[in-house]
Amino acid sequence: MFPLRTITPSLDLSHLPHTYLLPTHLTPEKLLEFQDKLRTCKCPLTDTASDASLFIANVNTQKRSELELRKKEIIVLSNNEESAIANATIWPIRVVKLEWLTKSLEARQAEKLEEYTVLSATVALARPRIHTASPKPATTVTSDSNSATRKRKEILERVQTDAAESPQPKRARYGRTEKQKGIDLILSMTKKAPLLRQSTSSFEGKRPSNELPEWVRTKNTYSCCRSTPLQTPNDLFISQLKTIKHSRIISFDSVGIRAYSTAIAAIKAYPYPFNSSSEVQSLPGCDGKIAGLFEEWKSSDPDPEKRIIPAVKELEQSQTFQVLRQFESIWGVGADTATKFFFIYGFRNIGDIISQHWSKLSRVQQIGVKYYDEFLTPITGPEIEKIAALITKHAKKLIPDVQSILVGGYRRGKNECHDVDVLLSHPVDGAMYTDFLMDLLHSLESSNLITHTLSVSTPKLQHIDPHRPSKSNFDTLDKALLVWQAKKGRLHRRVDIIIAPTICAGTALLGWTGGTTFERDLRLYCEKEHRWKFSSQGVWKGNERVPGTEGWKEGESWEDVERRVMETVGIGWRPPSERCTG
């Protein structure tokens, strides 16, 4: 095993009151970086401004501080206003310069807050919090009791009828303000979760430090530097956090998505069932709020199978959230379009989209609606293997020694998946000729295996030099996103074919195997620890590939190529089944 980098513990800020980092003059990347640093220092960071008593901001004047607080619907009160306001919650706050944090990190001890304070005042909310009751929908969602076959038939019949009539799209019944109010409503259900209130029971069952994994003791926040299995002792609690994370995805809360992704990855890697909230908070990436959610979950019912976090219960009872989740699960739609469907156009089920908006859907979205139920039906392991074997068979007709491997969730050990990802490469440089992907697609189409081509991109072989780094962090390998049907009458399946030039084989395999958070942290690790850039196309130091990360060597297998890349980067080898961060 390649030695892991030891992360030196930072200063301790656990003594601070609830703290909020204002985003003023910070890029999203810098905001996330400072939030991570605060959490590492055990600062009681909150993502709801109205819960905070201490604000950290990149400002230098009292006037600007008051302006930034007003943006968060918090108003600064004068002495006269404090006594005049009735039936309102008021509380004291302090705003300190961001310089306080940077100086404290440099000195490894907390600087005096008074020396960096730009505002100390009493404040109140500018308006009442949004009521969290679910709005009454115009219509109801399609009953769960209908069978998948019946729903699929109904959708297809309506698609054919509506497409023929080409109806005009429904006009928006609400403006963008209504959409934002709805998004705020979803966010309010989970952001109001209380922070941890520590008691004696919070520390019961705390494990001795010598039993803790090394990454917990050293506060290593990189999920790519630890083993994360598919099944874990805390899966029931994790499933609750995933629901909250999904609400943040639908609400476009990028900070919340990252925070919950980090916490979920840490909990999945922890090898013991949690005994206490303090044990949760000891994990890097799990702050007081996650520990508080665990406390709520644990105390909700004696039976772990019946436990539920109150915020999750509210989400599950909210028809707004359920409909948004259904819309967002349509292939090609995504969170932005889903919220427009609900809040702007007033749609309440897929039938509304078909009957009132069909002509305005993109071709890919129409396919996503048409095969909605089929795409959501899991693909079993034997079917995945058959699809991969057929793709490999057709590929070998074009390049006899082409190498193929299944990647994605199936390679990580999932028994069922919702799509099939197949990676193709060749040990000999130059063997993957320019039009290989297009010729492969033509061969598959001639055998009636592909019904629709959702997207084809061929930048690497046709336009971009694989020996030069891409300007983007996005994957620029040749790939085709397809709809597959083995035989008429069989279910339609989502299949992705990825082509890796010889020089990119190891990094492509590594980039297409790990869970989302593993891949995010792998890129962050390379950037922060080495000043390198990782992508599926390669590992770069400036304009040069990092030696040891390129190509195939004689006699190497797929695993050998990937192992060499992981060990060169410095995260050490671990099998795909231990990269299940979610």
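Q: Take contacts between residues at least 6 apart in sequence: what share of them join residues at least 24 apart?
A: In this predicted model, 73% of those contacts join residues at least 24 apart.

Q: OK, and how many helices and strands does the chain have?
A: There are 23 helices and 15 strands in the chain.

Q: What percentage of the residues count as buried?
A: Of 582 residues, 50% count as buried. As for the surface, the chain exposes about 27,200 Å², and carbon and sulfur atoms supply 49% of that area.

Q: Let's pick a strand. Is S11 mostly covered or mostly open?
A: Strand S11, residues 478-484, is mostly covered, with 7 of its 7 residues buried.

Q: Which residues sit on which side?
A: Asp478, Ala480, Leu482 and Trp484 are on one side of S11, and Lys479, Leu481 and Val483 are on the other. Both faces are covered.

Q: Which strands does S11 pair with?
A: S10 pairs with S11 in the antiparallel sense over 6 bridges. Strand S12, residues 493-499, also pairs with S11 in the antiparallel sense, over 7 bridges.

Q: Which residue stands opposite Leu481?
A: Ser455 stands opposite Leu481 of S11. On the S12 pairing, Val483 has Arg494 as its bridge partner.

Q: What holds paired strands together, in general?
A: Strands of a sheet pair through backbone hydrogen bonds, and the pairing can be parallel or antiparallel.

Q: Switching to S13, S14 and S15: what do they form?
A: Those 3 strands form an open sheet in the order S13-S14-S15, with antiparallel pairing.

Q: Why is one side of S13 and of S15 left without a neighbour?
A: Strand S13 (533-535) and strand S15 (544-545) stand at the edges and each has a single partner strand, so one side of each has no neighbour in the sheet.

Q: How many bridges join S14 to S15?
A: Strand S14, residues 538-541, is joined to S15 by 2 bridges, and the two run antiparallel. Lys541 stands opposite Glu544 in S15.

Q: New topic: cavities. How many of 30 Å³ or more turn up?
A: A search of the whole structure finds 2 of them.

Q: Which residues are closest to the centre of the largest cavity?
A: Arg39, Asp47, Ala259, Asp287 and Lys289 are the closest, out of 13 residues that line the largest cavity. By type, the lining divides into 5 nonpolar, 3 polar and 5 charged residues.

Q: Which helix gives the most to that lining?
A: H9 does, with 4 residues. Helix H9 (254-269) and helix H11 (288-300) each supply at least two lining residues.

Q: Is Asn448 buried or exposed?
A: Asn448 counts as exposed, because its relative accessibility is 59% and the cut-off for exposed is over 50%.

Note on methods: Residues numbered from 1 in each chain as written. Predicted model: local features only at pLDDT ≥ 70, side-chain atom pairs only at ≥ 80, totals over all residues. Heavy atoms only, no water. Buried < 20%, exposed > 50% of the residue type's maximum accessible area, 1.4 Å probe, protein only. Contact = heavy atoms within 4.5 Å. Areas by Shrake-Rupley, 256 points an atom, 1.4 Å probe, with all protein chains shown as cover. 1 Å grid on protein atoms, 1.4 Å probe; cavity = no way out; pocket = protein on both sides within 12 Å on 5 of 7 lines; lining within 4 Å. Points joined across faces, edges and corners; volume = space filled by probe spheres on them. Nonpolar A, V, L, I, M, F, W, Y, C, P; charged D, E, K, R; others polar. Pairing = 2+ DSSP bridges.
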